[in-house]
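Please consult the sequence and the model below while reading.

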Amino acid sequence: MDRRNFFKTTVAVGAALSLKELYAEDIKDKKEFFGVLVDTTRCIGCRSCEITCAEEHDLFVPDVQKDSAFDQVRNTSVKQWSVVNRFETDKGEVFVKRQCMHCWQPACTSACLTNAMYKTKDGPVIWREDKCMGCRFCMVSCPFDIPKFEYHEWNPKIQKCNMCYERLTKGKKPACVEACPTDALMFGMKRDLMEIARHRVYNHPEKYVHKIYGEHEVGGTGWLYLSSAPFEQIGFRTDLGTTPYPEYTKEFLFSVPLVLFGVPALLLGLNLLTERKNESNKNDGWTNE
Amino acid sequence: MNQTKMMGGQMNSTVFISEFKRFIKFLYQEVKPRGKWLTPFNVISIPIILIGIIILYIRFTQGLGSVTNLSQDFPWGFWIGFDVVTGVAFAGGAYIITFVVYIMRVEKYHSIMRVTVLNGLLAYIFYAGALMLDLGKPWNIINPIIGNSFGYNSVLFLVAWHFLLYMIAEFVEFSPVIAEWLKWEKIRKFMTALTLGAVIFGITLSTLHQSGLGALFLLAKSKIHPLWYTEFIPILFFVSSIFAGLSMIIFEGSISHKVFKHRIDSKNHIAYDEIILGLAKGAAISMFVYYFFKALIFIHGEEWTLINDFWGVWFLVEVIGFVLIPCFMFAYGVRNRSLGIIKVASVMTLIGIILNRLNISIIAFNWTAAVKYYPSWQEIVVTLMVIFTEIWVFRWIVTRMPVFQKSQ
């Protein structure tokens, strides 16, 4: 190859590479994950979302008039994918809906060895029964303690919010968002939801704490929260960091191929070095022949 | 010409049939139990194994919650924390000894080679196998194996595959013994030729899955107490598997040298003391490295403020009481050629490993949880059942196959 040809190729390849990058960016713009913005200042604790969620997924439908669910802070369970809790804060009573956060880079999907926990292209993190082997590593890894396991079934399932994936594929909103009477829940692309959330925080600094929970937590989540009281007071962990969970095992997984090829080579080398069969007479020492 | 060929064929088939009959007869002779039935071990183990089977029946028909104390806060309990995570560390002896004997060619340890590999193989079959008891949908384990659904980005995927491959490697390492027992000379030669390959493959897999078991807990960053959580968990797990394995060989060896005394050559009995001293030296050094590592992580993590409460004291109990002290005991025992101290140290080391693995997987896991997890009696009985069944199989094999001595 002469010099002219070499330059030609380099330029061509370079152009192709940069074109490809532009193209990729183009696609990224079109495809974004869905999310939900929860404005806890608007939530009145009616628990319509709980009821409709249970109805949508054949779970336990609570009797919101009679049960005294707000007496204690509840967790999601195998029968409830979504729960609303009441917190007494500096800013008074605050109601907070809890469900799967649908992380951008979920811990559970990087834990799952069968891809049963799966981040769909639309954003919801779903669980696929036919793949799961019930190891419960997703539960160990989830920073929000969301996946719940049916301990009293011979053929157990993992129960967690799937952001109404079956509705999303039909072009509908999640059931809870549709049921919310006060617009405390808002469904959309995260980029748009962030705009709205920031707008509210900037315009009403007296009403909101200057933070959008889920913007950066564990690398960003699909569900975003606004609050009038500090997030520690309404049941959120604020010590989770901003590192996406898959990052924690990335280095280890990167080292695997190195070890798989490096260690056998080292061992074989050691084995050959320690060969004693053809050892020359020790008294001779070094010779030049 | 055709006739002679046919004759030959007939000859072969008759030889084959008689040979096969001999083999069946031999197997029948071997399968029959030997020795007394009413030994203390049998009296204790048989009822426990039977109860264990009943518990497992309930577990597989009514779900994990019917017999275990597992909860949504503690998805992994005693069966994972002890049987699998601790059991695999204890089984580390096999890869250390194969390294020393086959790679470094230190002949001194050759006599414990076979029993150590057997122990490793059985430990993996039973303790890694105990994982199956804990899986909610064990039949779906086929998914990550046949390629139905590969979660490449999961550490558990790696660990599961390595368990499987390592069991095969260990079986290849042990297979010459089986062939020798069955007097299959050709197969023995063939399998012996594969040994070095299996050893190299096995050691590589061991480094990865011993550390991989630790790497599982990297994803539980927000749940494990900061004194135990560090990004170096994989390295700590790997280093501690070295002295866990060595201590297990010392501990297990001191028992089987009493129980199976008549099966061991007198020559090996004398050499055995030297072996113990060598193993103890290895344990002392690897433990000091481990301790040094722990201290380094502690100091660099600036964790002084954490040492004041219960968890701090508990951490010190583990690291000082069951790592540093047995480490010095090993060193002292080697220096003064005191086998008694070495044996005590090996037991303390094993307790230390149990503490460490249970701390990470259960005790210091979700340490702020309102309701703590304690294993139910059923979980403990099933664990004992797994251990006893393993000992039964071990005993069956060593009383028949040339494990402790060369076959006559």
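A hairpin of 2 residues leads from β2(A) to β3(A). These strands, β2 (residues 83–89) and β3 (residues 92–98) of chain A, run antiparallel and are joined by 7 bridges; pairing requires that DSSP find at least two bridges between two strands. Within this pair, Arg86(A) lies opposite Phe95(A) of β3(A). Helices (H or I, at least four residues) and strands (E, at least two) are DSSP runs, numbered from the N terminus.

The model is predicted: local features need pLDDT of at least 70, side-chain atom pairs count only at pLDDT 80 or more, and totals for chains, interfaces and linings use all residues. Residues are numbered from 1 along each chain as its sequence is written, while chains are lettered from A and ligands numbered from 1 in the order in which they are written.

Lys250(A) belongs to helix α8 (residues 246–273) of chain A. Ser110(A) is 140 residues from Lys250(A) in sequence, yet their C-alpha atoms are 9.7 Å apart.

Between the chains, 46 residues of chain A and 45 residues of chain B form the contact, defined by C-beta atoms, placed from the backbone, within 7 Å. On the side of chain B that touches chain A, α2 (40–62), α7 (142–146), α8 (155–182) and α9 (185–215) of chain B each supply at least two residues. The largest share, 7 residues, comes from α9(B). The classes on this side of chain B are tabulated below.

| Class (members) | Residues of chain B |
|---|---|
| Nonpolar (Ala, Val, Leu, Ile, Met, Phe, Trp, Tyr, Cys, Pro) | 26 residues |
| Polar (the others, Gly among them) | 16 residues |

Note on methods
Contact = placed C-beta atoms within 7 Å.
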